[in-house]
Amino acid sequence: MQFVKNGPDVPERLLQAHEEGRVVFFCGAGISYPANLPGFYGLVEKLYEGLGATPSSVQQAAIKAGQYDTAISLLERGLPGKREAVRKEIAKILTPDFSASNATSTHSALLTLGCSRDEKYRLVTTNFDRIFEEVIARESLDLSTFQAPLLPVPKNRWDGLVYLHGLLSESPSKNNLDSLVVSSGDFGL
């Protein structure tokens with residue numbers, strides 16, 4: 001079924017699974033581009049720039065190979081003030097520009113799409129930014145949110161928005177920044 005002229009053909013099975021609450025929407029950095037936020041590569045680039053750090057040959061190799069989590073881990077180990085300085089810079093970089101055109105429209109659409117007919121939400125995001133939180137508050141939505149490292153049991157009773165890698169708080173504390181899953185060293189969280 002096509003919903004938009006020349007748009008993708010959405011299989012009937014997928015529509016039925018969505019109606020039954022069996023579809024989970026996974027969202028990555030691309031949904032936050034309209035709010036002038038970078039993808040993972042852009043985040044790494046801005047991190048090095050913002051911290052005045054020049055990537056070593058090992059860090060450059062990780063970046064070139066698309067191993068951005070490794071590059072961040074190496075950066076955290078190689079800087080004075082290390083992890084905390086990197087995490088604070090990440091929080092600065094990931095401050096959305098809500099005045100940008102359509103800054104929240106994709107998030108709003110995903111919250112609509114991610115809600116089944118029995119009003120259960122099935123969304124997972126790898127983003128740390130607070131754009132979903134802005135939309136939830138603005139639209140007065142009633143949904144649960146879960147953030148790493150405390151995630152819901154992925155069974156039928158799960159209902160809400162999962163921040164798989166954590167969520168930046170409005171005023172990030174050291175503990176909040178430490179709980180983000182950003183670098184290869186964080187995957188154990």
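1. Let's start inside. Ile131 has 0% relative accessibility, so it counts as buried (buried means under 20% relative accessible area, exposed over 50%, partly exposed in between, with a 1.4 Å probe and protein chains only). You'll find Ile131 in helix α7; helices (H or I, at least four residues) and strands (E, at least two) are DSSP runs, numbered from the N terminus. Leaving aside neighbours within four places in sequence, Ile131 is in contact with Ser32, Ala35, Leu37, Pro96, Phe98, Ala103, Thr104 and His107, where contact means heavy atoms within 4.5 Å.

2. A word on what you're looking at. This is a predicted model, in which local features need pLDDT of at least 70 and side-chain atom pairs count only at pLDDT 80 or more, while totals for chains, interfaces and linings use all residues. Residues are numbered from 1 along each chain as its sequence is written, and side-chain values use heavy atoms, with hydrogens and water left out.

3. Next, Thr125, in strand β2 (residues 122-125). Is Thr125 buried or exposed? Thr125 counts as buried, at 0% relative accessibility. A polar atom of its side chain lies 3.3 Å from the backbone oxygen of Cys27, and a polar atom of the Thr125 side chain is also 3.1 Å from the backbone nitrogen of Asn127. Not counting residues up to four places away in sequence, Thr125 touches Cys27, Phe132, Leu161, Val162, Tyr163, Leu164 and His165.

4. Helix α4 (residues 68-78) deserves a look. Eight of its eleven residues are buried, so the helix is largely enclosed by the rest of the structure. Those buried residues are Tyr68, Asp69, Ala71, Ile72, Ser73, Leu74, Leu75 and Glu76. What do they pack against? The buried residues of α4 pack against α2 (40-50), α3 (57-64) and α5 (82-93).

5. On to the aromatics. Rings of Phe, Tyr and Trp (its six-membered ring) pair if their centres lie within 6.5 Å; planes under 30 degrees apart count as stacked, over 60 as edge-to-face and the rest as tilted. By this rule there are two aromatic pairs. In one of them, Phe40 and Tyr68 have ring centres 5.6 Å apart and planes at 70°, so the pair is edge-to-face. Phe40 sits in helix α2 and Tyr68 in helix α4, so the pair ties together parts that are 28 residues apart in sequence. Phe40 is partly exposed at 35% relative accessible area, whereas Tyr68 is buried at 19%. Phe40, Tyr41 and Tyr68 form one aromatic cluster.

6. How many salt bridges does the structure hold? The count is eleven, a salt bridge being a side-chain nitrogen of Lys or Arg within 4 Å of a carboxyl oxygen of Asp or Glu. One of them joins Glu76 and Arg83, with the closest N and O atoms 3.6 Å apart. Glu76 is buried, with a relative accessible area of 6%, while Arg83 is partly exposed at 25%.

7. Glu89 and Lys92 form another salt bridge, their closest N and O atoms being 3.3 Å apart. The two are three residues apart in helix α5, so about one helical turn separates them. Glu89 is buried at 10% relative accessibility, but Lys92 is exposed at 60%.

8. Arg130 and Glu170 also form a salt bridge, with the closest N and O atoms 3.9 Å apart. That pair links distant parts of the chain, 40 residues apart: Arg130 is in the loop between β2 and α7, and Glu170 in the loop between β4 (160-163) and α8 (174-178). Salt bridges that share partners also join Glu76, Arg83, Arg87, Lys174, Asp178 and Asp186 into one network.

9. Two loop residues to check by eye. Asn102 has a positive phi, near 60°, in a residue other than glycine. Asn102 sits in the loop between α5 and α6 (105-113) and is exposed, with 52% relative accessible area. Ser140 is not a glycine either, yet has a positive phi of about 50°. Ser140 belongs to the loop between α7 (131-138) and β3 (145-147) and counts as exposed at 63% relative accessibility.

Terms used. Polar contact = N/O pair within 3.5 Å; in protein donor to acceptor, adjacent residues only side chain to side chain.
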